[in-house]
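Hi everyone, thanks for coming. Please take a look at the structure on the screen, and then we'll walk through a few spots together.

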Amino acid sequence: MTEPLRVLILDDDFRVGQLHRAIVDDHSGFTVVDTVRSCVEARDSLRSSRPDLLAADVFLPDGDGIAFARDSGVDTILISAADDAQTVRRALRSGAVGYLIKPFETRALTGLLDRYVRSRNLLAGDRALGQEDIDRALAILHGAGEPVSLSRSATEQLVLAALGDGEASAAEIGERIGISRATAQRHLAALAGRAVVEVRLRYGTTGRPEHRYAART
């Protein structure tokens, strides 16, 4: 039986890192060897765990995930909220084998892992490769003809879990899961836009309405 590919996860948000870990560990072809939150921790883990694949955020507290991926010498999937063309081009120039924009559905990462292992198997060994082999491996890796659906991110899952069956403001959600009010507001607005949550107005003593959010049933 083929040994599963070893994956190192790098994300400064512990909860998000654990959610990514659960997705990877759920895939029979992969196993997570470590989950780290900084470039320093990742550098140490690279030496000790010797992963086959790195899944890294772009913006990290002590460095740049793209530069780290480039210097790691390990195949890398970059996962980030950054959706600007310049960042994506820089990631691809660094040699990233995939780029996922947060928020994304679980199946988006699972599908990318599927394509990665299939492409890697085509290029395995020391045999000479034909152009057809290379073209096929690249087509599989880049998902030619396979649309990728983007939907609920790991952070949005945390937001929904914190919301539960009640209602709360963006500030309250941010405090519960350790993110800023602005970040919580952005994810709540995205969920409201997709009709996953509903927005309610509550008027306080000042007469100024406060936005409250509740999950739709």
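Phe30 and Tyr116 are both buried, where buried means under 20% relative accessible area, exposed means over 50%, and partly exposed is in between, with a 1.4 Å probe and protein chains only. Before going on, a word on where this comes from: this is a predicted model, in which local features need pLDDT of at least 70, side-chain atom pairs count only at pLDDT 80 or more, and totals for chains, interfaces and linings use all residues. Residues are numbered from 1 along each chain as its sequence is written, and side-chain values use heavy atoms, with hydrogens and water left out.

Back to our two rings. The structure holds 1 aromatic pair; rings of Phe, Tyr and Trp (its six-membered ring) pair if their centres lie within 6.5 Å, and planes under 30 degrees apart count as stacked, over 60 as edge-to-face and the rest as tilted. The centres of Phe30 and Tyr116 are 6.4 Å apart and their planes are at 35 degrees, so this pair is tilted. Phe30 belongs to strand E2 (residues 30-36) and Tyr116 to helix H5, so the pair ties together parts 86 residues apart in sequence. Helices (H or I, at least four residues) and strands (E, at least two) are DSSP runs, numbered from the N terminus.

Now, which helix does H5 meet? The axes of H5 (residues 106-122) and H6 (residues 131-141) come within 8 Å and cross at roughly 170 degrees. Axes here are lines fitted to C-alpha atoms, for helices over the stretch in contact, and angles run from 0 to 180 degrees between N-to-C directions. That makes H5 roughly antiparallel to H6, a label for angles over 145 degrees, while under 35 is roughly parallel, 65 to 115 roughly perpendicular and the rest oblique. Tyr116 turns up again here, among the H5 residues that make the contact, and contact means heavy atoms within 4.5 Å.

Next, helix H2. Its buried residues are Cys39, Ala42, Ser45, Leu46 and Ser49. Seen down the axis of H2, they fall within an arc of 120 degrees, so they line one face of the helix; the arc is that of the directions from the helix axis to the C-beta atoms. The face turned away from the buried side of H2 carries the exposed residues Arg47 and Ser48.

Last stop: just after H2, Arg50 takes a positive phi of about 50 degrees. Most residues other than glycine have a negative phi. Arg50 counts as exposed, at 65% relative accessibility.
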